[in-house]
Every structure is written in C-alpha cells, then in structure tokens.
Amino acid sequence: ATGKVNFVYVKATEGLAKYGPDVSFKANWEGLKSTNLYQGAYHFFRVQLDPVKQAEVFITTLGELSSVDLPPMLDVEAAYPGYVGQPYVANVRAFIEKAEELSNRRIVIYTGGPFFDRISKGANQADIDFISDRTLWLAAYVTNPEKYVPTAWKSRGKSWSIWQKSGDFDYTGGIVTGK
C-alpha cells in the first residue's frame, strides 16, 4: 500500500521430502496475483540432496509461469559436511541445468561472497563460470555491498542485480535493486 515495494519472492520449496513444498506457497502465490506486485518464487537449496530431483520438485510446484512472473531463484546459502568445492558446485550446476530445462527460464542465484567463495574453492572453473553467468541476488547485510560480491562474479566483470541489505524490511532499508 505504500508503493515502496514493487516485487516479492516467496519460498516455494526446500530440499525434498523432509522439507518439500512450503505449506504457505500456494496461498502466497495466489494472493500475490491480486496485487500490483511482480512475483517470483525461490527454492532453498540443500546440497546433500539430489539436485535434479530438487529442481523437478521446485518447477513442478511452480507450475507454468506467466510472462510477467519473475525468474525462478535458487537460494544458495546452506552448507553441509563433505560438500565443499566440486561436490557443492557440481550439485548447484545440476540443479540449474534441470530447472532451466523444465522452466525454460534462466535461474537467479541468491548468495553472498564469503559463503560462495568458501564453498566453491577448488571447484572446476567451468562449473563456477556456468553458475556465475546467472543474475546475482546478493545477500550482504552491509552498507557497501561491492566487497561482498562473490569472486566468481567479480572475475567476470559482473556485480549484483538485486541486493538484499537487510533480513527485515523496513521502509528505509530493505532490498535495493537496479545495479
């Protein structure tokens, strides 16, 4: 109602059966259709679970996207023992490939520099390049986000397109876009 928000991403899915579709997703998704807000949905990635099956659950839960729906987003921020470097990056890539194939849309990546730099260290450069070729939604709860852009994006001369500078929305903070 304030006019200060023009888009919303809602959680659609997380992992697989243990987490699965978010119980509020359908109500949130349908409720957004009655607003003037652009809507998008995201999947919270669990690296230890089959990435292809996660992508299938995510895109099936979304159903057919309209031409005005925002691109699907992959939330990459959870670590798991034994998944660092190539195992982590390979699973993220496998998810992206399947989700993009099923949705016919490019995936947006939500992550932060310190986390992504740590989990991708030592991974295959081609896989890192594949991931960082996607739009970056930067998680950086700071006033100057540039130093928190993951190295994978910086090395390609890219930065964030969406910046989440706070975990809570307050009409003076919130999410900044447009870079």
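Modeller: Buried means under 20% relative accessible area, exposed means over 50%, and partly exposed lies in between (1.4 Å probe, protein chains only). This is a predicted model, where local features need pLDDT of at least 70, side-chain atom pairs count only at pLDDT 80 or more, and totals for chains, interfaces and linings use all residues. Residues are numbered from 1 along each chain as its sequence is written, and side-chain values use heavy atoms, without hydrogens and water.

Biologist: Is Asn104 buried or exposed?

Modeller: Asn104 sits in the loop between H3 and S5. Helices (H or I, at least four residues) and strands (E, at least two) are DSSP runs, numbered from the N terminus. The relative accessible area of Asn104 is 70%, so Asn104 is exposed.

Biologist: Is Glu101 buried or exposed?

Modeller: Glu101 has its place in helix H3. Its relative accessible area is 56%, so Glu101 is exposed.

Biologist: How far apart in space are Glu101 and Ala79?

Modeller: In sequence, Glu101 and Ala79 are 22 residues apart. From C-alpha to C-alpha, their separation in space is 25 Å.

Biologist: Which residues of H3 are buried?

Modeller: H3 covers residues 86-103. Its buried residues pack against strand S3 (38-44), H2, strand S4 (73-75), strand S5 (108-111), helix H4 (113-120) and helix H5 (125-132). The buried set is Tyr88, Val89, Asn91, Val92, Ala94, Phe95, Ile96, Lys98, Ala99, Glu100 and Ser103.

Biologist: At what angle do H2 and H3 pack?

Modeller: Axes are lines fitted to C-alpha atoms, for helices over the stretch in contact, and angles run from 0 to 180 degrees between N-to-C directions. The axes of H2 (residues 51-62) and H3 are 8 Å apart. The two helices pack at an angle of about 35 degrees.

Biologist: Which residues make the contact of H2 with H3?

Modeller: Contact means heavy atoms within 4.5 Å. H2 brings Pro51, Val52, Gln54, Ala55, Glu56, Phe58 and Ile59. H3 brings Asn91, Ala94, Phe95, Lys98, Ala99, Leu102 and Ser103.

Biologist: Which residues does Leu70 touch?

Modeller: Leu70 is in the loop between H2 and S4. Residues up to four places away in sequence are not counted. Leu70 then touches Phe7, Val8, Tyr9, Tyr38, Gln39, Gly40 and Arg105.

Biologist: What separates the C-alpha atoms of Leu70 and Arg106?

Modeller: Along the chain, Leu70 and Arg106 are 36 residues apart. Their C-alpha atoms are separated by 10.0 Å.

Biologist: Why is S1 largely enclosed by the rest of the structure?

Modeller: Strand S1 covers residues 7-14. S1 is largely enclosed because of its buried residues, which number 6 of the 8.

Biologist: How many bridges pair S1 with S3?

Modeller: Two strands pair if DSSP finds at least two bridges between them. Val10 has Ala41 of S3 as its bridge partner, and Tyr9 stands opposite Gly40. S1 and S3 run in the parallel sense, and their bridges number 7.

Biologist: In which sense do S1 and S2 pair?

Modeller: S2 covers residues 20-21, and its Pro21 is the bridge partner of Thr13. In the hairpin, 5 residues lie between the strands, and Gly15 has a positive phi near 60 degrees. Over 2 bridges, the sense of S1 and S2 is antiparallel.

Biologist: Which residue in S4 stands opposite Phe44?

Modeller: In S3, 6 of the 7 residues are buried, so S3 is largely enclosed by the rest of the structure. S3 and S4 run parallel, joined by 3 bridges. Opposite Phe44 stands Asp75.

Biologist: Which residue of S6 is the bridge partner of Tyr110?

Modeller: S5 and S6 (residues 136-139) run parallel. They are joined by 3 bridges. The partner of Tyr110 is Trp137.

Biologist: What is the bridge partner of Trp137 in S7?

Modeller: S7 covers residues 162-164. S6 and S7 pair in the parallel sense, over 3 bridges. In S7, Trp137 is partnered by Ile162.
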